[in-house]
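Trainee: Before we go through this model, could you show me how to read its features one by one, with the general idea ahead of each case?

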Amino acid sequence: MQIEKACFGNDAWSKSNMKSELVAPHTTYVVAEQGDEVIGYAGLSKLATSTSSDIQTIAVSDSHRGSGIGRALMQSLLEFAREQGAKDVLLEVREDKPTPQALYGSLGFVAIDRRENYYQPDGVAAIVMRLDLELGTSSAPIVLGIETSCDETGIGIVQGNKLLANVISSSMDQHARFGGVVPEIAARAHLEALDSVLTQALKDANISIYDVDAVAVTNGPGLAGALMVGVGAAKALAVALNKPIYAVNHLVAHVAVDILERGKLETPTVALLVSGGHTSLLLVRDILNDVELLGETVDDAAGEAFDKVARVLGLAYPGGPEIDKAAKQGDPKAIKFPRGLSLPKDMDQNRYNFSFSGLKTAVARHVERAELQGETISVPDVAASFREAVVDVLVTKAVNACLENNVPRLILGGGVVANARLREVAAARCEEAGIELRIPAFSLCTDNGAMIASLGAQMVMTGVKPNNLDFGVYSTIAF
Ligand code: KG4
Ligand code: ZN
């Protein structure tokens with residue numbers, strides 16, 4: 001009653017009013033306590049004959065304002081309203097009280113009406129606000145995905161299998177002068193970008209942060225410092241929103257973009273993931289329970305090889321697009337560069353593994369030798385021959401992985417998928433071998449948050465247990 005009096009003054013309920021409210025069969029009251037002391041309360045009323053719930057009152061003691069208690073009380077009332085089958089929730093708030101209005105707005109309430117002279121004896125108007133409970137609770141969960149494993153800060157939002165938003169901020173330009181991603185710079189850039197990327201993603205999806213049902217985040221593999229920024233942000237969001245959190249494997253998530261494009265993932269499938277950070281061949285029998293790492297690079301990633309060779313050839317960073325461009329005018333057969341781990345002796349231990357460092361050295365030697373002999377090299381020929389060697393190995397091993405495991409489809413992922421020759425050779429050889437080739441839209445091939453959200457949504461929809469908040473990050477992967 002003390003809190004009631006302090007909060008509502010002249011409008012305060014009497015003790016007997018309060019008592020009849022509490023015992024009425026159609027009301028639900030929640031109380032916030034600290035120790036033995038009541039520090040806040042709120043109540044809801046729902047008549048059996050109505051599909052609407054009404055917020056009856058909410059009050060927080062003076063000394064505990066601004067600490068999130070009002071929000072917590074409201075959230076638990078909304079949960080009760082949902083459980084009781086309400087379709088919407090209504091409340092009135094004093095027109096001269098902007099703070100509670102903002103709180104209700106952030107919970108999804110919108111003003112629908114104004115009642116003149118509602119609060120007496122002050123004669124203050126009431127704003128009537130309404131929350132549509134059916135909006136955010138369509139059967140498919142809304143999942144927010146956060147990706148910060150390398151140099152892309154990505155936040156994606158999906159609802160079930162449907163893509164709602166995919167916003168990316170890249171720190172690539174900041175790494176250009178170093179010729180490769182600098183982990184500390186990447187981590188700092190994530191920190192700086194996250195807030196605005198999140199805001200834009202919510203805007204694109206046309207939802208409030210309170211509509212999010214679960215948070216998913218990449219926790220590996222990737223750069224540890226960069227991963228920690230995303231994981232920290234995801235944990236903070238999950239705690240603040242009181243929603244479950246899912247730690248997601250970055251590589252498997254690359255495959256999950258296919259669900260956003262086709263509604264479901266056809267399995268089994270082989271995935272060839274090629275970017276500046278990874279070169280992996282996965283065999284996916286079940287995206288949540290049965291993913292096998294068939295092979296990966298034992299040294300440089302495919303994109304990294306493009307970047308390093310571009311440097312040797314005096315081309316800009318990132319090297320992939322530059323080499324692709326130069327190669328157009330070149331002869332892919334001009335120089336016979338080595339195909340890493342492709343000899344018969346490699347077929348035992350390294351059948352599906354890749355190696356690009358020998359190829360990179362071979363290009364460097366070729367350029368040095370020409371310089372020593374005073375010859376000028378043909379950059380287009382070197383670029384085309386190098387590109388051919390990379391593409392040949394990637395596609396050969398991927399197609400073999402399909403054929404040898406009886407898998408009729410191949411999905412590509414990662415930034416190197418932009419490579420024109422890779423797409424061409426993969427298409428031709430898959431067709432020849434009767435393998436269906438899936439190349440997702442390029443915005444979904446490069447690192448992004450939508451792929452994380454997509455895999456997270458699969459976890460939510462199949463009832464996978466969420467993670468505890470104590471999970472960490474890992475830079476390399478153990479399947
Ligand atoms: O997936 P992604 O954007 O993210 C990181 O791994 O950071 O991949 C970037 C990589 C870079 O190494 C870049 O050189 C390579 O993808 N890349 C290409 C092409 N476009 C980008 N590699 C070959 N050909 C391309 N056209
Ligand atoms: Zn990736």
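Mentor: Let us begin with a polar contact, meaning a pair of N or O atoms within 3.5 Å, where within protein one must be able to donate a hydrogen and the other to accept it, and where residues adjacent in sequence count only if both atoms are side-chain atoms. Here the side chains of Y41 and E4 are joined by such a contact at 2.5 Å. As to conventions, this is a predicted model, in which local features need pLDDT of at least 70 and side-chain atom pairs count only at pLDDT 80 or more, while totals for chains, interfaces and linings use all residues. Residues are numbered from 1 along each chain as its sequence is written, chains are lettered from A and ligands numbered from 1 in the order in which they are written, and side-chain values use heavy atoms, with hydrogens and water left out.

Trainee: Where is Y41 placed, and is Y41 buried or exposed?

Mentor: Helices (H or I, at least four residues) and strands (E, at least two) are DSSP runs, numbered from the N terminus, and Y41 belongs to strand β2, residues 37–45. For burial, the classes are buried under 20% relative accessible area, exposed over 50%, and partly exposed in between, with a 1.4 Å probe and protein chains only; Y41 has a relative accessible area of 8%, and therefore is buried. Contact means heavy atoms within 4.5 Å, and, leaving aside neighbours within four places in sequence, Y41 is in contact with I3, E4, M18, V30, V31, T57, I58, A59 and L73.

Trainee: How do I check the geometry of a helix such as α11?

Mentor: The expected span is 1.5 Å times one less than the number of residues. Helix α11 has 16 residues (357–372) and should therefore span 22 Å, which agrees with the 22 Å between its end C-alpha atoms. After α11 comes G374, with a positive phi near 70°.

Trainee: Which residues of α11 are buried, and what covers them?

Mentor: The buried residues in α11 are L359, V363, A364, V367 and A370. Because they cover an arc of only 140° around the axis, they are on the same side of α11; the arc is that of the directions from the helix axis to the C-beta atoms. Their cover includes α9 (302–312) and α12 (379–404).

Trainee: Which residues come nearest to ligand 1?

Mentor: A residue is near a molecule if one of its heavy atoms lies within 4 Å of it. There are 22 residues around ligand 1, and D151, G276, D307, G415 and N419 come nearest. Taken alone, ligand 1 exposes 550 Å², of which the protein buries 91%; accessible areas come from the Shrake-Rupley method with a 1.4 Å probe, and for residues only the protein chains shown count as cover.

Trainee: In which loop is S275, and what does S275 touch?

Mentor: S275 is in the loop between β12 (269–274) and β13 (279–286). With a relative accessibility of 6%, S275 counts as buried. Not counting residues up to four places away in sequence, S275 touches A301, A302, G303, E304, G414, G415 and V416.

Trainee: What should I look for in the backbone torsions?

Mentor: Most residues other than glycine have a negative phi, and most peptide bonds are trans. In this model a cis peptide bond joins Q120 and P121, with omega about 5°, and P121 lies in the loop between β5 (110–119) and β6 (124–132). Another cis peptide bond joins G220 and P221, with omega about -5°, and P221 lies in the loop between β10 (214–220) and α7.

Trainee: Which residue other than glycine has a positive phi near 55°, and is that residue buried or exposed?

Mentor: One of them is N242, which sits in the loop between α7 and β11 and is exposed, with a relative accessible area of 59%. N117 also has a positive phi, about 55°, although it is not a glycine; N117 is in strand β5 and, at 44% relative accessibility, counts as partly exposed.
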